[in-house]
Structures are given as structure tokens and as C-alpha cells.
Amino acid sequence: MNWSLFFDLTVSGLTLGSLYALIALGYSMVYGILKLLNFAHGDVYMIGAFVGWYTLHALGGPLNPTISGAAVLFVMFIVSMLGCGVLGVAIERFAYRPLRNAPRIAPLISALGVSIFLQNSALLIFGASFRDYDTFDLIGVKTFSVGQLFFSVTQLLTVVVAVLLMVALTIFVARSRLGKAMRSTSFDREAASMMGIDVDRVIAVTFFIGSALAGAAGVMFGLVFGQIYHYMGFIAGLKGFTAAVLGGIGSIPGAMVGGLIVGLAESYATGYLPQGSTFQNLYVFALLIAVILIRPSGLFGTAAIQKV
Amino acid sequence: MSDSKLLELQEVDKSFGGLRVIAELDLVVREHEIVSVIGPNGAGKTTLFNLITGIYRPDSGEIRFQDRNIVGLAPHKITELGIARTFQTLRLFLNMTVKENVMAAEYGHTKVGVVRSMLRTPGARREEKEIHRVAEEKLSFFGDRLMGYRWDQPAYSLSYANRRRLEIARAMATQARILLLDEPAAGMNPRETHEITELIGTLRDVGGYTILVIEHDMHVVEGISDRVVALDHGVKIAEGSFEAVATDPRVVEAYLGLRTAETK
Amino acid sequence: MAAGGGSGVPPDRSGPADAPDSPRIGVDEWVASVEGKRERYTGLRGRLTREWDHLPPPARVLVFAIPAAIFPLVTTEGNLFRYGLFTLIYALLALGLNIVVGFAGLLDLGYIAFFGCGAYLYAILASPQFGYHWQAEAAIPVIVLGTAIVGLLVGLPSRRLFGDYLAILTLFFGQAFVIFVNNANRISFPFVGHTDLTGGSNGIANIDPFNFFGYKITTTRQQYYFLLIGVSVFLVLLMFVNDSRTGRAWRALREDPLAAEVMSIPVNRLKLLAFVCGAAAAGFTGAIYGTIATAALPGDYDVGLLITIYAIMILGGFGSIMGIVVGAIIVSSVPELLRSSANARPLFYGAILLALLVKIRPWRLLAAELGGLVAFGFVVHAIAEAAYPRLVDGKALGSGTVAHALDHWMLLPQHPVKIADFAYISLIAAVVVYPQLSRLWRALLLAPLLYLVMFVWENLLLVQIGGATRLVLLGALLVALMNVRPQGLFGTATVEIV
């Protein structure tokens with residue numbers, strides 16, 4: 001048993017998993033409240049990565065930062081999260097809100113339209129070439145080790161930040177008034193509005209949070225993998241969705257756990273399954289199909305009982 | 001009147017999570033009978049229909065139709081065997097025309113497949129004509145209300161009472177032997193209620209159907225039933241003629257609560 | 001019958017006259033007669049709609065087929081290829097997808113993979129890849145059957161799924177197909193060993209043209225007529241099915257699957273049937289496309305084409321067969337037209353002008369806005385010329401009077417890249433903020449907003465008029481269309497039980 005390979009795969013799996021968990025949270029929260037699959041979510045993630053890149057270069061670039069390395073990273077995250085949050089709210093306002101009472105297929109088409117729009121706007125503005133984050137000098141290429149477990153600074157950073165964000169989200173949803181409003185709106189929108197909850201505002205906040213998390217994930221992707229490109233949102237979005245379904249769509253802990261599982265599964269697949277790195281996406285898809293067939297409600301979801 | 005048992009439930013049990021919705025229910029419906037099921041809301045009446053039609057599967061017990069166990073069969077198969085229903089909240093195919101709603105229900109007893117339909121073979125055309133004829137026949141049961149120009153109108157344009165009638169016509173088109181009517185008189189004014197009462201009788205006398213009805217309106221129940229079954233919390237608490245059940249103390253308690261003092 | 005005897009219903013008469021002469025409450029006939037009046041258009045539109053409804057299906061197809069048959073005689077070969085062939089291919093694809101989405105209501109996002117299946121299967125059977133050179137009359141049935149089987153395999157696990165889950169599953173299948181086809185030159189299959197099944201990312205080239213009993217379809221015109229016959233026949237078949245037992249069952253399944261199931265309709269079997277039929281149609285179309293493109297490449301069968309076909313269905317309206325044909329014509333010709341700036345500019349400005357005409361009602365307000373726009377442009381241009389000459393040192397794209405006029409009116413920097421990007425983002429933000437403003441502000445700021453739109457168009461979108469621009473416009477169009485008319489151009493507004 002090659003332990004060092006196993007640990008390497010586990011570490012990268014956890015890193016990937018943190019990314020997917022953050023993306024999955026956005027999907028799950030929006031689906032829980034609106035019963036809508038936000039196809040454009042993956043592209044918000046991509047925009048977050050680019051916003052982070054521009055912030056980095058606005059602060060002098062990876063080689064000549066105007067403030068300390070840690071501060072640069074902090075600002076990148078904040079700007080990206082805020083920017084994506086606002087973008088998410090705008091998307092909801094324009095592409096989904098007018099269609100709340102339209103036939104179910106209309107918001108899906110609208111989501112598709114937004115996704116196309118974002119992807120190609122990115123292509124127009126950012127160009128087709130890959131952009132490098134090149135943050136190695138900024139952060140340092142240090143690797144830590146615990147016994148045979150090796151991990152780099154960026155991987156550690158990713159996991160830690162993701163965990164912090166998820167903890168913050170959990171506390172927010174469980175304790176705060178707005179969090180309670182979110183939960184009740186996802187149960188029964190009409191009843192919630194009759195109880196005095198401003199449903200529009202709750203939905204806007206949900207989109208803001210989900211998109212902000214995706215933005216953070218985008219920056220993390222850039223830090224860990226070094227390169228970003230305009231269609232990175234598509235596949236990442238699909239995998240994030242897989243994670244959300246795996247964990248039980250609509251469930252916040254489910255999205256977190258689902259993300260980790262998908263990340264680990266993908267990582268192990270590249271290492272252990274035949275022709276893993278070529279077909280790693282296929283294996284993730286196969287996982288999704290298996291989940292949908294065996295347990296469509298996911299790990300933490302409840303099977304909906306239809307009242308006839 | 002024939003004495004054969006058309007539909008029989010034996011010790012049927014159904015729970016959702018921790019809630020026992022139907023508890024050891026025995027029920028017999030004989031051919032050409034009109035049986036009413038009454039009980040307060042939440043008594044399990046619609047669940048009973050869902051169990052019979054195969055939408056839910058009983059946790060235990062048997063459901064036999066024409067002496068054949070139908071538990072575990074797919075709902076469309078059960079309908080093909082001869083059980084049809086209407087819904088408490090109407091479930092018409094709103095964007096299809098009146099006639100199409102009825103014609104769609106004839107699927108189980110017709111057989112022209114996709115390829116022959118595409119090619120409009122003579123066999124396909126003949127069957128289409130027959131489907132039209134059957135639909136018109138079923139719709140004519142309701143007088144002129146669903147006839148003529150109404151055939152090509154979308155179902156969503158019908159008034160409420162007409163929608164209820166259409167649902168019944170649609171159920172009839174499945175060539176059923178027993179009709180399960182879920183609150184057919186709900187939301188109707190007195191005149192319409194009277195018509196429904198007569199209609200149900202006609203369905204049995206002229207149409208030859210056996211009918212199991214869920215109803216809240218006691219005038220209707222009184223007017224149509226050969227037998228009444230009362231449910232409460234999934235348990236059968238009384239069975240018999242209308243007079244017997246309506247005055248049964250357990251039934252009165254279920255509807256009105258316990259009498260704390262004699263007032264007579 | 002209960003309707004007689006003392007219930008107060010007027011005597012039977014045919015036609016709408018079973019409503020009483022004066023409105024009365026408590027009588028449902030009156031309510032019904034008011035609600036039941038069919039949506040009737042008056043005037044020309046009404047006459048056209050009524051005439052159209054009276055035509056039998058084959059006649060309706062002729063209305064489309066006859067002008068289409070004349071088309072090759074009045075245009076060049078290049079145009080025929082670009083506009084004619086692709087329109088028909090798109091139409092076939094969209095019609096096949098309509099069986100799955102429009103008839104049965106299943107959201108299939110992997111449909112293009114079946115198209116690819118057909119193309120690759122034909123490529124395997126009729127190209128130098130394996131040395132087979134099957135004739136069309138043998139290859140086509142095999143391909144249709146083969147793709148149908150694939151459709152069956154994909155459909156089997158999907159039987160119990162609905163809505164979003166089905167969409168995702170099929171989307172993944174579509175992705176899996178592309179990955180497979182891209183890498184199938186490197187897999188070792190269990191019995192056959194290592195073979196190059198699909199040519200990997202290079203695809204399979206030199207596909208044979210169709211060969212029907214010795215008659216080869218090689219020229220563009222021949223291909224066009226073959227496709228036209230195919231589309232026409234398919235249209236007629238679809239119209240027949242729609243009005244048949246299976247068609248009704250599909251529509252019932254789309255309306256309310258639970259009620260359909262209880263009304264003796266085997267829902268799962270019908271879903272599978274829709275899937276298989278759609279897949280077979282796509283396979284057939286794929287084989288044809290193989291001969292047109294003469295090569296099977298993985299990139300042709302990806303999300304881009306899927307979006308195009310869905311755009312056709314959305315524009316045309318789900319379920320509306322003739323609407324899809326119109327949608328195909330629009331979707332295949334407009335992007336081609338947009339390729340050259342000479343065509344693109346009038347199209348874009350024309351569309352904006354049209355939108356303004358429709359939205360701004362009083363003529364005087366519209367004239368004022370347009371006048372304000374012109375004035376605003378001159379003012380800005382003058383200021384720029386004086387203070388920021390670098391903003392106006394470029395030239396408008398293209399030649400002709402419009403381009404010259406723009407040189408003096410619009411800000412056209414020599415190197416627009418950075419500022420155009422910034423303007424684009426500001427434009428998006430502006431469009432988001434604009435509807436929130438009060439009426440007064442909206443009237444005042446419309447001219448600057450339009451100027452910004454034109455600025456972005458001239459300096460960014462037009463300059464880079466490639467796939468990205470068209471897709472950006474498509475995305476915006478989809479969102480706008482859903483907002484304005486969710487049922488598509490020709491669809492009928494459906495009533496849904498929520």
C-alpha cells in the first residue's frame with residue numbers, strides 16, 4: 001500500500017472537495033428556496049476567479065505588491081466575494097424574479113441564457129487565453145509535512161478558508177433572524193410571506209451568500225491550480241451540482257459533505273482507477289448517476305412525500 | 001343485484017413515518033353497489049383511494065379486485081383491470097381539449113402503436129374513429145353540457161362544475177367497472193349537488209358501474225348510498241345503512257366531539 | 001338524464017346557445033359560456049389563423065416546402081450550403097428534440113450526443129476508417145436502430161426521474177459522449193483489443209456520400225433536396241402522431257404524470273418511447289450530417305450545438321411544430337448574417353430601433369429621445385475632440401455613409417480595448433440599475449444609455465464579431481425572451497398546476 005500516494009491523493013481530494021463544497025452550497029441554497037437549478041452558478045465562480053486576478057494586479061501584481069502578501073490575499077477574497085455576491089443578486093433580479101410564476105421551464109432557459117451570456121462576456125473581455133495567478137512568490141512555495149502527509153500552503157489555505165466560511169454560514173443560518181427566515185422560506189414560500197417575511201429580500205440574500213461563496217471558491221481555484229480560463233465554470237459547476245445532489249439538494253450540511261466526497265472520489269479516481277486522469281470527469285458523472293438511481297434524495301435530503 | 005364481491009380489502013395497513021394512516025381496514029364492495037365513505041378530514045379516505053389505485057402500496061394486507069390480488073401492480077395496470085378514479089382536487093389535463101381529456105384515458109384499451117399512428121394506416125384510422133365515438137358516448141352522459149362546440153375547448157376554460165363532470169367522464173372512458181369518486185360534490189351549489197346525486201344514481205342504473213364515493217355532504221350520501229362506511233384516524237368505526245351510521249355514537253363523536261351533557 | 005325534469009335548464013339547442021339569454025347566477029352555463037369563448041383574433045390575423053387551422057397537415061407542410069424547394073434555384077451554391085443545408089439540419093434536430101421536450105415534456109440536455117452517435121456510426125460504416133463502405137439503404141436503418149438502442153439504454157435509468165434530475169442526467173450523458181469520443185482511440189476494448197474507434201480528437205475524415213442503390217448524393221443541391229424531403233416527411237409524420245393515441249398520451253404525461261398514470265397511461269413506458277423516438281430521429285440526422293460535413297469531429301457535438309437547438313425550440317415555442325421550422329430559419333440565418341459588419345450593424349441598430357418603437361409610446365417622446373441621442377453624441381464627440389483626442393482618433397468599422405457618420409459622432413478610440421471592456425461592464429451595471437429609476441430619470445438617462453450601448457457595440461462587439469459576440473447576444477436574448485414571452489414566439493400560453 002503506497003501510503004504517500006494515498007496521502008497525496010487525500011490532500012488534493014480535500015482541497016478539491018472544499019472548492020466543490022463551496023460551489024455546492026450555492027446550488028443547494030438556491031434550490032432549497034426557489035426549487036430552481038441555477039445553471040449560471042458555475043459561471044459566477046469563474047467570474048470570481050477573474051475578479052481575484054484583476055484585484056491581484058490592481059494591487060501591484062504577484063511580484064510587486066503594494067501591501068503585504070497576506071493582505072493581498074485577504075483583499076482578493078473580499079473583493080471577489082463582494083463582487084460575485086452583487087452579481088448573483090443582479091442575476092436573480094433580472095433572470096429569475098420575473099419568472100417566479102412562469103412555467104417551470106422558463107427559469108431554466110433563462111438560467112441557460114445567463115450562463116451563455118457570462119461565459120461569452122468573459123471571453124470578450126478577458127480573452128481566450130489562460131491567465132496565470134502566479135502567486136507563488138506571494139505566498140511562498142512552502143510545503144508542510146506531518147509524517148508522510150505533505151501539503152502546500154495553498155492547499156492548507158483553501159481548506160482552512162473553506163471551513164471557516166462554512167462554519168460562519170452554519171452559524172448564520174442557525175442563529176440569525178435572516179437565517180431563520182431563509183429556512184422558513186425554503187419550507188413554504190407563501191406561508192413565510194404571510195408571516196411577515198420579506199421573501200424577495202430573503203431570496204436576494206440567499207443568492208448573495210451563495211454567489212459570494214462561489215467567488216471565494218474561484219479565487220481558491222486560481223491559487224491552487226494557478227491558471228484560470230473562461231469556461232472553467234462549466235465543469236466545476238457540474239461537479240458542484242453533483243456534490244449538492246449527493247448530499248441532498250436543499251441541505252446545507254449535505255452540500256458540504258457532498259463536496260468533500262466528490263473531491264475525494266475524483267482524486268482517488270485519478271490515482272487508482274484505470275486511465276483515471278483522462279476519464280476522471282466520467283467517473284464523477286458515473287458517481288452522480290449512481291446516486292440518482294440509488295438514493296435520489298441524497299445523503300441528508302428527505303424524500304419528498306407528494307400529497308395527492 | 002349481483003352478490004359477487006368486486007373489490008375487497010383485507011386488513012390493509014399503511015403508515016407514513018410514524019403516523020398510521022390506515023389501520024387494519026376491511027372493506028367489501030359488491031357489484032353494482034354504491035358505497036359511501038365518510039369521516040372527518042384526515043381520516044384516511046383519500047389515502048384509501050390511493051391505496052386501491054396503486055399510488056401507495058399498503059404495508060400489509062390484501063386488496064383484491066375481481067378475486068385477483070392487485071397489491072404491487074402499477075397504477076396504469078390497475079386502471080386497465082377496471083378501477084378508475086377522480087381526484088379531490090381536480091387533476092384534469094388543462095391544456096388539452098375536453099374531448100382529448102376523455103380520449104387520452106382510453107389508452108389502456110387501445111393498441112395502435114407509434115409507428116402505425118405515424119403512417120395513418122387504415123387500422124389506425126379505424127381505431128381513432130372508435131376512440132372518438134367512445135369519448136362522445138361518455139361525454140353525452142352529462143346532457144349537452146360537454147357536447148358539441150365544447151369538445152374542442154381547452155379544459156381550463158370550463159366552469160368548475162363542468163370540470164368535475166369532465167373528470168368523471170374521463171374516468172368512465174377507461175372502461176372501468178368500478179368508479180372511485182373523491183368528493184364529487186365538493187364546491188357545488190345546491191342545484192349542482194342535486195344533479196350530481198342523480199348522476200351517480202344514473203351511473204349505476206344506466207351505466208352499470210359500481211361506485212365507491214367519498215363525500216362530506218350528507219344529503220348526497222343519504223341520497224345515493226346503499227351502504228355507508230365511516231372512517232376515523234384510519235379505522236373503520238361504523239358500517240351499515242345511512243340511518244344506522246349517521247346516528248352511530250362513535251360517528252357522531254368523531255364529527256362533533258364527545259357530548260359532555262345530555263341535552264335531550 | 002338528470003338535466004331534464006325541473007332543474008330549470010333551458011331546452012337543448014346546439015352551439016353556444018345553451019347559455020341562457022340573460023345572465024343569471026347559480027347557473028353554471030353562463031359562466032361557462034363567457035369563459036369558453038375561444039381566443040379569437042379579428043381582421044387579417046384572425047382570418048389567417050382560421051385558414052391555417054383548417055388546413056390538413058400535409059397541406060401545411062406544402063406551405064413551407066414549396067418556397068423551400070424554389071430556394072436553390074435563386075441562390076448561389078455557397079449560400080445554399082450555409083443557409084439552406086444548415087437550416088434543414090437544425091430543423092430536423094429541433095423537430096426530433098421536440099418529441100422529447102415538446103410532446104412528452106422531458107428536459108433532455110444530452111440530445112446532441114445521439115446526433116453524434118448517428119454521425120460517428122455512419123462514419124464507421126462508410127469511410128476509410130475501418131474500410132467499410134456501406135450503401136445508404138443498408139447503413140441508415142442500422143444507424144437508426146443503433147441510436148434507438150442507445151436512447152433506450154440512456155432512457156432506462158431515467159424512467160423514474162423527472163424535471164431537473166433528468167436534465168442533469170442527460171447533460172452528463174452528453175458530456176460523457178464527448179469525452180468518450182475524444183479518447184476512444186486510446187482505449188483497449190475487452191475483446192477487440194486496441195482499436196481506434198473514433199479517431200480521437202481528430203475525428204474520422206473522408207466520409208462517403210450517401211449511395212442509394214448506386215445513386216450518389218454528392219452535390220449541395222442534391223443534399224438539399226434530400227434533406228428537404230426528409231424534413232417534409234418528418235413534419236407530416238409528427239403531425240399525425242400528435243393527433244393520435246400516443247401523442248395524446250405524451251401530452252397527458254406532460255400535463256400531469258400522476259393523473260395520466262391513473263388514467264391507464266403507462267407513463268414510464270411512454271417516456272422511454274419518447275426518448276427512443278427522439279434518439280432515432282437524431283441518429284438519422286447525424287448520418288446525413290456526416291455526409292455533409294464529410295468528417296465526424298468531437299467538437300461538433302457539444303454544448304454549443306445543444307444551445308442552438310434549444311434556442312430554436314424556445315423561439316419557436318415548445319410543441320409548436322411549424323414554429324420550430326420558423327425558429328430554425330431564424331437561428332441559422334441570423335448568425336450567418338451577423339458575420340459581416342455590413343450586415344450586422346443594420347441588424348443590431350434595427351433591433352434597437354424596433355424595441356424603442358414598441359416600448360416608447362407617445363410619438364413625441366420617441367422623437368425627443370432620438371433627437372436627444374443625436375445631440376448628446378455630438379456634444380460628447382466635441383468635448384472629446386477638444387479635451388481627450390485619444391478617444392476619437394480611430395475609425396468606425398466598415399465603409400459607407402453610416403460608418404462615416406459615426407466617425408464624427410461616436411467616440412472611437414484607436415485602441416479601444418481597455419476602455420471598451422470597462423464600458424461593457426458599466427453597461428451591464430447600467431442596464432441592471434436603469435429599471436429601478438423613476439420615470440423622470442429614465443426618460444432623461446435613456447439617451448446616454450443608448451449612446452453607451454452603441455459605444456460598446458462599435459468598439460467591442462462589432463470589432464470582435466465572432467462566436468463570442470453572437471453568443472453574448474443569444475444569452476441576453478434568451479433571458480429577455482423568457483421575460484417577455486415565456487412560451488416562445490409561436491407557442492400557446494399554457495396553464496400550469498403549481
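Two strands are said to pair if DSSP finds at least two bridges between them, and the legends below apply this to a predicted model.

**View 1. Strand E8 of chain B and its partners, E3(B) and E7(B).** Strand E3 (residues 34-38) of chain B is joined to E8(B) by 4 bridges, and these two strands run parallel. Within this pairing, Ser36(B) stands opposite Val213(B) of E8(B). Strand E7 (residues 178-182) of chain B is joined to E8(B) by 5 bridges, again in a parallel arrangement, and here Leu181(B) is the residue that stands opposite Val213(B).

**View 2. The two faces of strand E8(B).** In a regular strand the side chains alternate between the two faces of the sheet. Thr210(B), Leu212(B) and Ile214(B) lie on one side of E8(B), Ile211(B) and Val213(B) lie on the other, and all of them are buried, so that both faces are covered. Because 5 of the 5 residues of E8 (residues 210-214) of chain B are buried, this strand is largely enclosed by the rest of the structure.

**View 3. Helices H4 and H8 of chain C packed together.** Helix H4 (residues 77-103) of chain C packs against helix H8 (residues 220-242) of chain C at an angle of about 25 degrees, with the two axes 10 Å apart. Since angles under 35 degrees count as roughly parallel, H4(C) is therefore described as roughly parallel to H8(C). The crossing of H4(C) past H8(C) is left-handed.

**View 4. Residues in the contact between H4(C) and H8(C).** Among the contributors from H4(C) are Leu80(C), Phe81(C) and Leu88(C), while those from H8(C) include Tyr224(C), Leu227(C) and Phe234(C). The residues of this contact divide into 15 nonpolar, 4 polar and 2 charged.

Notes
Residues numbered from 1 in each chain as written. Chains lettered and ligands numbered in written order. Predicted model: local features only at pLDDT ≥ 70, side-chain atom pairs only at ≥ 80, totals over all residues. Axes fitted to C-alpha atoms, helices over the stretch in contact; angles between N-to-C directions. Parallel < 35°, antiparallel > 145°, perpendicular 65-115°, else oblique. Left-handed = near helix turned anticlockwise from the far one by under 90°. Contact = placed C-beta atoms within 7 Å. Nonpolar A, V, L, I, M, F, W, Y, C, P; charged D, E, K, R; others polar. Buried ≥ 20, exposed ≤ 12 C-beta atoms within 10 Å, placed from the backbone.
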